[in-house]
Amino acid sequence: MTLRIGVIGTGMIGRDHTRRIAQVLAGAEIVALSDYNPAAARAVQADLAPDAMVYDKGEELIAADDVDAVLVCSTGSTHEAYVLAAIAAGKPCFCEKPLATTAEGAKRIVDAEVAAGKRLVQVGFMRRYDAGYQMLKKVVDSQIGTPLMVHAAHRNPTVPEHYVTPMAIHDTLIHEIDVFRWLLDDDYVSAQVVFPRKSSHAHGKLADPQIVLLETAKGVRIDVEIFVNCRYGYDIQCQVVGEEGLANLPEPMNITTRKNAALSTPIMTDWKDRFVDSYDVELADFIKAAAQGTASGPSSWDGYVAAISSDACVEAQEKTGQIIPITLPARPALYD
Ligand SMILES: NC(=O)C1=CN([C@@H]2O[C@H](COP(=O)(O)OP(=O)(O)OC[C@H]3O[C@@H](n4cnc5c(N)ncnc54)[C@H](O)[C@@H]3O)[C@@H](O)[C@H]2O)C=CC1
Ligand SMILES: O=C1[C@@H](O)[C@H](O)[C@@H](O)[C@H](O)[C@H]1O
């Protein structure tokens, strides 16, 4: 069976996911596209999916008889309504992060999925599918003893003018928030944010860099530097310190040169290149589960917990230096 997929939101990542389904992955085809800006959908149709139908409204795409599964890749604030519509239609849905822009919105999705009685949603937390993080998890689970601390960094070379201080959490740190829960099999109990000296490259409405301190239920302390004007590259660092040793996230594979009395390895500059393989693997996982009428991988519950934890981090930004508690509700059995 070839899974017939409709994509809502054909901007940067919607276009890229359409390309991987149309040109890279097996088992699925793009049959429908929709974007708030119809020209964006038509451009993707022309470039990547000439047989796809273009819909003016995402809701019409979700309801279409020939759409088996949906990819929600539109602006974050629009995700909740589309995911709820996909659940109501009983169609598997891959939703880019964030699942919803509020914890209440994410909870509505969890409640709807629980009422539907089966997993239908996968959230686009692609780092869980990254080969480096997968290797790191194996080592953390088996070789370095009980994890005690994590030191991490999420650095982007630069960000646009509309990227303001809370986006460092909702847009950027959210990847660490999810991947460390998975890596440590743990949840957060508190967050604190402190601001070092501001970079002269950060614009007026952005405090950059930031340091987020998270504490987990098992007592692990995590520090994450978020520095989105670091200039030199896109750099994701993670070191887990355990009782018996420590483990580092591997650097992405790249050519090392020895030239002019220098030893050098290029550093990537774009997150799309850094995680290109993990996007492929996460969507392959979606296609496999959706073909069975369900979903696997990062769940609505993970998206909900990420939203609760993000909200606490934003509050911690606003109350710099204060420790903000994070309390999670009981997890429904659907997500065990
Ligand atoms: N997993 C990851 O690493 C990444 C995830 N993302 C997430 O993907 C989502 C999209 O991001 P980008 O592609 O970078 O943004 P973008 O701005 O390039 O594209 C968003 C598209 O959504 C469309 N849109 C806006 N409102 C809509 C509506 N109501 N219905 C249908 N379409 C609508 C816009 O016209 C635009 O074409 C965001 O939630 C973002 O956080 C983005 C980049 C990386
Ligand atoms: O999701 C992403 C972007 O939206 C975000 O702006 C970047 O900071 C992240 O590194 C990237 O993975």
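In which sense do strand 7 and strand 11 pair, and over how many bridges? Strand 7 (residues 147–155) and strand 11 (residues 235–242) are antiparallel, with eight bridges. This is a predicted model, in which local features need pLDDT of at least 70, side-chain atom pairs count only at pLDDT 80 or more, and totals for chains, interfaces and linings use all residues. Residues are numbered from 1 along each chain as its sequence is written, while chains are lettered from A and ligands numbered from 1 in the order in which they are written.

**The sheet**

Helices (H or I, at least four residues) and strands (E, at least two) are DSSP runs, numbered from the N terminus. Strands pair if DSSP finds at least two bridges between them. Seven strands build an open sheet of mixed pairing, in the order 12-11-7-10-9-8-15. Strand 12 and strand 15 (324–325) are at the edges with a single partner strand each, so one side of each has no neighbour in the sheet.

His151 has Gln239 of strand 11 as its bridge partner. On its other pairing, strand 11 runs antiparallel to strand 12 (residues 246–248) over three bridges. Val240 is opposite Ala247 there. Three residues separate strand 11 and strand 12 in a hairpin. Strand 7 also runs parallel to strand 10 (residues 221–227), joined by seven bridges. In that pair, Val150 stands opposite Ile222.

Contact here means C-beta atoms, placed from the backbone, within 7 Å. Axes are lines fitted to C-alpha atoms, for helices over the stretch in contact, and angles run from 0 to 180 degrees between N-to-C directions. Helix 7 lies across strand 7, strand 9 (210–216) and strand 10, at about 150° to strand 7. Helix 10 (residues 300–318) lies across strand 8 (188–194), strand 9 and strand 15, at about 35° to strand 8.

**An enclosed helix**

A residue is buried if 20 or more other C-beta atoms, placed from the backbone, lie within 10 Å of its own, exposed if 12 or fewer, and partly exposed in between. Helix 4 (residues 79–88) has eight of its ten residues buried, so the rest of the structure largely encloses it. Among the elements covering these residues are strand 1 (3–8), helix 5 (103–116) and strand 6 (121–123). Just after helix 4, Gly90 has a positive phi of about 70°.

**Ligands**

A residue is near a ligand if its C-beta atom, placed from the backbone, lies within 6 Å of it. Of the 24 residues around ligand 1, Gly11, Met12, Tyr36, Ser74 and Glu96 come nearest. Helix 1 (residues 12–24) gives the largest share of this shell, three residues. Ligand 2 is surrounded by Asn156, Asp171, Thr172, His175 and Trp271. Here helix 7 (residues 167–184) gives the largest share, three residues.

**Backbone exceptions**

Most residues other than glycine have a negative phi, and most peptide bonds are trans. The exceptions below are listed by place.

| Site | Geometry | Loop |
|---|---|---|
| Lys97 to Pro98 | cis, omega near 0° | strand 5 to helix 5 |
| Asp208 to Pro209 | cis, omega about 5° | Pro209: strand 8 to strand 9 |
| Arg231 | positive phi about 75° | strand 10 to strand 11 |

Asp185 counts as exposed because it has 12 C-beta neighbours inside 10 Å. Arg231 is likewise exposed, with 12 C-beta neighbours inside 10 Å.

Notes: Two residues are in contact if their C-beta atoms, placed from the backbone, lie within 7 Å.
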